[in-house]
Amino acid sequence: MSFKAEQIAGLAESGWSRCESVAEAVARAGLPAVTPDHLATAFSDDLWETAERTVLALRDHFASARFADETTYGVLLVPDPGRLDTRRPMAAAVRTDQLGAPTNDVFDERLPAGVPGIPSGRPWTMVATVTGVYGPSLGSHNQITAAPPTSFTVAGIDTRALMIRQLWGARVLQGGRHLPDCESNPRWTFTLFPGEGLTDGQAESGTVLKGKVRFRLGKPDRGIGSARVAPAIAVT
């Protein structure tokens with residue numbers, strides 16, 4: 001199966017389509033349904049080829065990272081933030097089929113608006129990034145932001161710029177019932193957002209813990225194995 005066919009099949013079976021409460025949120029936002037026909041026509045063959053090259057480049061560049069063997073890279077769909085803003089908590093109803101009941105997200109009110117890494121304009125934007133439940137472990141927020149650009153530059157792009165809340169929020173929705181960074185996975189993790197600045201000296205991260213999706217602040221020097229990241233490059 002080609003990369004394009006494999007990714008289309010996976011996206012068409014993802015939370016965007018197969019998790020009813022998420023699919024309803026997509027429809028309410030006026031976004032096109034994530035179907036094989038839409039995915040095959042909304043993005044050109046050139047974009048799919050670029051996505052494939054970028055995914056392979058990410059996988060190769062971070063192959064020596066801690067826990068690289070359990071990291072899956074692929075295409076993440078990020079919705080137009082003017083229609084569905086994944087930087088913010090979702091309505092409780094959106095989590096119904098993800099968590100088994102309507103559940104409010106836990107969102108630290110000290111958090112700023114968040115970096116708009118994917119701007120408004122396109123209904124869906126393809127991003128090459130981590131699509132599985134675990135990202136690689138590359139250190140703490142402080143270690144990642146202080147590292148030389150070459151450590152994180154892939155295809156001429158610093159992948160730290162899109163290690164942001166917006167992409168993780170989309171990844172949680174795309175995951176459907178298979179949530180990233182969730183305590184129900186064999187290993188609990190949390191994803192750091194080094195592309196976001198510190199707030200009150202604390203670093204942003206996201207996790208799913210005690211049955212809730214959580215947008216949190218924590219210590220910027222916390223580099224334990226549970227601290228993961230998601231290197232990312234927009235495919236445009």
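What percentage of the 236 residues of the protein chain count as buried? The share is 52%, where buried means under 20% relative accessible area, exposed over 50%, and partly exposed in between (1.4 Å probe, protein chains only). This is a predicted model: local features need pLDDT of at least 70, side-chain atom pairs count only at pLDDT 80 or more, and totals for chains, interfaces and linings use all residues. Residues are numbered from 1 along each chain as its sequence is written, and side-chain values use heavy atoms, with hydrogens and water left out.

**The chain as a whole**

The protein chain holds eight helices and 10 strands. Helices (H or I, at least four residues) and strands (E, at least two) are DSSP runs, numbered from the N terminus. The radius of gyration is 16 Å, close to the 18 Å that the globule rule gives for 236 residues, so the protein chain is as compact as a globular protein of that length. That radius is taken over C-alpha atoms, and the globule rule is 2.2 Å times the number of residues to the power 0.38. Along the principal axes, the C-alpha atoms fill a box of roughly 45 × 40 × 35 Å.

Contact means heavy atoms within 4.5 Å. Of the contacts in the protein chain between residues at least 6 apart in sequence, 78% join residues at least 24 apart.

**The five-stranded sheet**

Five strands form an open sheet in the order S2-S8-S7-S6-S9, with mixed pairing. Its edge strands are S2 (106-107) and S9 (227-228), each of which pairs on one side only. Two strands pair if DSSP finds at least two bridges between them. Strands of a sheet pair through backbone hydrogen bonds, either parallel or antiparallel.

S7 pairs with S6 in the antiparallel sense over two bridges. Seven bridges join S7 to S8 (residues 212-218), and these two strands also run antiparallel. How many of the seven residues of S7 are buried? Six are, so S7 is largely enclosed by the rest of the structure.

| Residue | Bridge partner | Strand of the partner |
|---|---|---|
| Thr191 | Gly206 | S7 |
| Leu192 | Ser205 | S7 |
| Leu209 | Lys212 | S8 |

The hairpin of S7 and S8 has two residues between the strands. In this hairpin, Lys210 takes a positive phi near 55°.

**The loop between S6 and S7**

Gly195 is found in the loop between S6 (190-192) and S7 (203-209). Gly195 counts as partly exposed because its relative accessibility is 24%. Which residues does Gly195 contact, leaving aside its neighbours within four places in sequence? They are Val115, Arg160, Ala161, Met163 and Ile164. Met163 is 32 residues from Gly195 in sequence, yet their C-alpha atoms are 4.9 Å apart.

Asp200 lies in the loop between S6 and S7. Its phi is positive, about 55°, although Asp200 is not a glycine. Asp200 counts as exposed, because its relative accessibility is 62%.

**A positive phi elsewhere**

Most residues other than glycine have a negative phi. Phe67 has a positive phi near 70°. Phe67 sits in the loop between helix H5 (45-61) and strand S1 (73-79). At 22% relative accessibility, Phe67 counts as partly exposed.
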